[in-house]
Structure formats: C-alpha cells, structure tokens
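Please keep the sequence and the structure in view while reading.

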Amino acid sequence: MFNFVPNLYEMKKIFLLVCLALTAGLSQAQQYNLGIGLKLGASNFLGDIGSGDVARDFVYNMEIQDTRWDVGVFARYRLNPIFAVQVAFEYARIQGNDANSESVERRGRNLSFTNDLLHLNAKLEWYPQLLSVSDVGYRGRYQLDYQTYFFFGVGGVYNNPKAELNGEKVALRPLMTEGVKYSPIALTAPLGGGFFFTYKRHHRIGFEFAWNWTFTDYLDDISTVYVDPSKMSTDPNAAVLANRYKSGSFIPDAVQYGPGSPRGDASDRDNFMTMSVSYSYLLRTKNSFYRKNYSWMYGRKTRWGGTKAKF
C-alpha cells in the first residue's frame, strides 16, 4: 500500500485547477446572448396598384422605382444554439403608381398611393449549425463569428394609405372609396432569413430579408370594385380619389371604370418586403448554452459544426 501526502507544490496545483473550474463555470453562466440594435434598409410593395404586367405575379410584379425606406430597432435573445427570438419595431414606407405600370388597364385606372407602416413583429429564428463558423478564417483567435438563420413570425402593422390631390396628401381610409370600412391595423406573418458577423463578442453586423404576408387587401386602398359615390364618405374628395380614370388613345373604354367593374383583385392580399443591414451590441446575461455555441471561449468549432478543444 502506498500513502500519498501532497506537498505544497501539488496543493498549489490543485488550488489553481479548482480556481480555473470555478472561473469556467462563472463564464458559462454569464454570456452574450442578448443583443440590442438598429436596422436600416429598403422596402417595396406587391398589391393591386402600379407594378408591372398584371399577368406576372410575386416579386416579378414589383417596381424598383417605388422602393422606399425601412428603419427600425430590435432585440434578439438567443435561447440555445439552434433557436433565437427577435422582436422588432419598424417604420417603413411603401408606395405605388399606376402611371409606372406596363399594364394598359392600370395606366387607365390612374390610381396612386403612399403608406407609412408601423410594424411590430416577433420572429422565431432557426440557426442551422452547418451554416455557422465560430472562427472565421480558422486562425485560432475566435474574434469573428459568422452565423446564418431563417425565421418566421407574427406581427401587427398600423397603416394609413394616402393619395395626392392638388399637391396635398389625403388619407384614403376615411373616404371609404370602395364603400368599405377597413381597420388601420392588420396582422402580418414575416418570413425570411439573414446572416451576421459578430466581432469580439460584442459587435454584430448583419443583413436580413423579410417577406411580410399581410391579412389585409387595403394597404393600397384597393381591393374589389368601383362603387356608387352614394356608398362612400360624404367628403367631396371621396368620389374624386376613388375613380381617377385617365382618357387617352391607349386607354380602354371608360365603361370599364364605372360602378360594379373591377377596381382591384380581392383574391390576393397585399404584401410588402424589407431588406436591411443592422448593427447590434451584445450584452452579457446568464445563459449556459454559449459554452457550446461561442466556442472562441471554450473550444474551436470545426467546419462541420463539431467542437475541438483549444487546450
């Protein structure tokens, strides 16, 4: 039998190992899983007004010249290596003008609008581990992290379509141009993806694309058919802005723009898209998953998502 009595040197080694273990546990409990940031980008619209040939659908029917801005603030909380939640509040402008359309019928209809959207949404983000690199460049420094994500979510948008008349913007919703009272608030379903780089744990630069399905067909104040002015608001601007038929040799007969004839297409709801770049700052909070995900602190993440110890 051998009796082992540690000497002073060995006791120092044990004490050092215990301190390292406690430090690792503390680092594991307080990590950078909460980010707060700003986004800036562009927005566009797909609905019943302007755009290209009516025979084309989806993004092919957008007008690049009607692209406007999108700005917002957001917060992202990482639940684990696979999922995160992002909450955002955005201000976006969309617009459309029949004068820019390739469709003869739409140019004859001659309607236009602008709409300033206030969009509050929450999205669940999914991070495929095969599309993430915790050490960009594989130099062993772990200063630059790259991740790709996809998302879907729910939201609500406040909107107020307007049209220009005699040099002034006039709100269209109160005019009941189609004899319908519709709500200024609509549900949305954002869908899309993005990517970001994180520098030295705190600074994150990203890009995101979102296609926002909406549950309204009145972002542009157009949906169904022309109605008799008696069904509209008593405001004299209602009849003027509801039917702005423009005559011309290339325009079909004005009968097509009378009461009961199609003014829009109610079979498809309005949608809008946003593309934005963002900057966010990561805050230290308590969450243990980052030991697995942010491997610059604990180990090197391989090209295929595995982890190799740094020590």
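Rings of Phe, Tyr and Trp (its six-membered ring) form a pair if their centres lie within 6.5 Å; the pair is stacked if the planes are under 30 degrees apart, edge-to-face if they are over 60 degrees apart, and tilted otherwise. By this rule, 15 aromatic pairs are found in a search of the whole structure. The model is a predicted one: local features need pLDDT of at least 70 and side-chain atom pairs count only at pLDDT 80 or more, while totals for chains, interfaces and linings use all residues. Residues are numbered from 1 along each chain as its sequence is written, and side-chain values use heavy atoms, with hydrogens and water left out.

**The chain as a whole**

- The chain contains 4 helices and 12 strands; these elements are DSSP runs, with helices (H or I) of at least four residues and strands (E) of at least two, numbered from the N terminus.
- The chain has 311 residues, of which 42% count as buried; buried means under 20% relative accessible area, exposed over 50%, and partly exposed in between, with a 1.4 Å probe and protein chains only.
- Among the contacts in the chain with a separation of 6 or more, 76% join residues 24 or more positions apart; a contact means heavy atoms within 4.5 Å.
- The accessible surface of the chain is about 16500 Å², and 63% of this belongs to carbon and sulfur atoms; such areas come from the Shrake-Rupley method with a 1.4 Å probe, and for residues only the protein chains shown count as cover.

**Aromatic rings**

- A pair of aromatic rings is described by the distance of the centres and the angle of the planes.
- F45 and F113 form an edge-to-face pair, at 5.0 Å centre to centre and with 65° between the planes.
- F45 belongs to strand β1 (residues 30-46) and F113 to strand β4 (residues 112-126), so this pair ties together parts that are 68 residues apart in sequence.
- Both F45 and F113 are buried.
- The ring centres of Y149 and F151 are 6.3 Å apart and their planes are at 35°, so this pair is tilted.
- Y149 and F151 are both buried, and together with Y127 and F196 they form one aromatic cluster.

**Charges over rings**

- The charged end of K39 sits over the ring of F74, 5.2 Å from the ring centre; this requires NZ of Lys or CZ of Arg within 6 Å of the ring centre and within 35 degrees of the ring normal.
- F151 also has a charge over its ring: the charged end of K123 lies 4.8 Å from the ring centre.

**A nonpolar surface patch**

- Y77, L79, F83, L124, W126, L130, L131, F150, F152, L191 and W213 make a nonpolar surface patch of about 1000 Å².
- Patch residues have over 30% relative accessible area and no salt bridge, with nonpolar side chains (Val, Leu, Ile, Met, Phe, Trp, Tyr) joined within 5 Å and like charges within 9 Å.
- A salt bridge is a side-chain nitrogen of Lys or Arg within 4 Å of a carboxyl oxygen of Asp or Glu.
- The elements giving two or more residues to the patch are β4 and β5 (144-158).
- L124 is located in strand β4 and is partly exposed, at 32% relative accessible area.

**The loop between β9 and α3**

- P229 lies in the loop between β9 (203-214) and α3 (237-242), and is partly exposed with a relative accessible area of 45%.
- P229 and G179 are 50 residues apart in sequence, and their C-alpha atoms are 8.2 Å apart in space.
- S233 is also found in the loop between β9 and α3, and counts as partly exposed at 21% relative accessibility.
- S233 and L175 are 58 residues apart along the chain, with 4.9 Å between their C-alpha atoms.
- Leaving aside neighbours within four places in sequence, S233 is in contact with P174, L175, M176 and A238.
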